[in-house]
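Work through the exercises below with the model open. Try each task before you read its solution.

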Amino acid sequence: MTLDELRHTLAECDRNGQTVEIQGGNTLRGFGALPARADVVVTTTGLADLLRHDYHDLTCSTQSGIRVADLAGLLAKRGQFIPIDVPQRRKATVGGALASGWLGPRRHLYGRARDLVIGSQVVLADGTLASAGGMVVKNVSGYDMSKVYIGSFGTLGVIMQLNFKTLAEPKRRRALIAKLPENTRARAAAQVAASAIPPAAAFCIEGFRKSIDGEDGVDGRIFILLEGSEALVDRATRDLRSALGRAGVPETVILDAGAWESFERVLDASISNVGERSITYRALGLPGDAVQTATALRDTVNRRELFTDVLVDIMNGDVFVRVSERDSRAFAEKIETCDDEIRTLCPSSVIAAGDAPIRESLSAWGADPPGVTKMRALKAQFDPRGTLNRGRFAGGI
């Protein structure tokens, strides 16, 4: 579908009162509320070109339907990158990643992908093409309208083009993986978080045995991604191995070849499903509280005789808990009560993934966010007829 075709389709649907579902790579379809049944489905994957790369100025412009991995490969030819750390990068589109507001685990080091957006083109519900920003860093005065659409799940408009500030790609990547002996998880996480050279990403992991590299100790395992110059990565490796040793972790495996691919498997695991008998929750919080939050959620779920796989983002505080059962019927019988208890512990936790039919009866977004009234006002202004991705966002927007 071309830009003109999309504008015409949206305008016609808006006039006729038809609802529209917007699709990119569909990799984050299970994140948040499931899309409501729509009259028309439009896809952006046909708009997949890197329009411009001013590598001397560290900027680029891309159509929204380009795959995240494809954009990364094109930028890498000039030694640059954008930290769009979403699961299934070979299928996910750049527009979908930004529209979902997915928070990547390297944001503490490089900032969020949205922070690097310097311009955009968006098609509104009535077919209007709205432009914001441009190709110059710091050229925005007043409201930066590009940020309004990011994280809105396509409920305000269809992102068609994004302009980014790019970053210099790290010269070296290395992964460290270690089993965690009993009662070492909290100490190990604290040591990593306090590192003089912050890792690009760091996780405490429990489970995900078929998805993520490494084997669990009694307290699971730890995964660390280092990025930077060769000297920086080597120094960080020495510091972290010593720090983990002080925490009671006796051995650390170093992975150079395949370090990035190993990191990608961690990203993918955060939304991986166990057939139709699992649901994954994501809770955001402070890094210092993350291990404790994860432990409380895991214990709550286990008391309901359900299985858990746990992923804790040490540097940012995100917690992913995949809840599952061996039998889909047993899962459906247990999960509703368990969901209530999870919401009591973490009222704003969000369903990040899950193909179980029972999820339709659960609240995907948990408690309404504080700004839900303003969100509804924006929806009423940008899409008064409720044409785009109806019910996809928090608060039923």
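This is a predicted model: local features need pLDDT of at least 70, side-chain atom pairs count only at pLDDT 80 or more; totals for chains, interfaces and linings use all residues.

Residues are numbered from 1 along each chain as its sequence is written, and side-chain values use heavy atoms, with hydrogens and water left out.

**Exercise 1. Trace the order of the five strands in the open sheet, then examine S4.**

Step 1. Strands (E, at least two residues) and helices (H or I, at least four) are DSSP runs, numbered from the N terminus. Two strands pair if DSSP finds at least two bridges between them.

Step 2. Read the order: S3-S4-S8-S6-S7, with antiparallel pairing. Strand S3 (50-54) and strand S7 (129-133) are the edges, and each pairs on one side only.

Step 3. Count bridges. S3 and S4 share four. S4 and S8 share five. S6 (residues 117-123) and S8 (residues 158-165) share six.

Step 4. Find the partners. Ser-61 in S4 faces Arg-52. Ser-61 also stands opposite Asn-163 in S8. Gln-121 is set against Gln-161 in S8.

Step 5. Check burial (buried: under 20% relative accessible area, 1.4 Å probe, protein chains only). Five of the five residues of S4 (residues 59-63) are buried, so this strand is largely enclosed by the rest of the structure. Thr-59, Ser-61 and Gln-63 point one way, Cys-60 and Thr-62 the other. In a regular strand, side chains alternate between the two faces of the sheet.

**Exercise 2. Decide whether Thr-44 is buried or exposed.**

Step 1. Locate Thr-44: the loop between strand S2 (40-43) and S3.

Step 2. Apply the cut-off. Thr-44 counts as buried because its relative accessibility is 8%.

Step 3. List contacts (heavy atoms within 4.5 Å). Beyond four places in sequence, Thr-44 touches Ile-22, Gln-23, Gly-24, Ser-64, Gly-65 and Val-158.

**Exercise 3. Describe helix H10 (residues 328-345).**

Step 1. Compare spans. The expected span is 1.5 Å times one less than the number of residues. The 18 residues of H10 reach 25 Å from first C-alpha to last, close to the expected 26 Å.

Step 2. Look for a bend, the angle between axes fitted to the seven residues ending at a residue and the seven starting there. H10 bends by about 40° at Ile-335.

Step 3. Find the packing. Buried residues of H10 include Phe-331, Ile-335 and Ile-342. The buried residues of H10 pack against strand S14 (278-283), helix H9 (290-303), strand S16 (319-324) and strand S17 (350-353).

Conventions. Buried means under 20% relative accessible area, exposed over 50%, partly exposed in between (1.4 Å probe, protein chains only).
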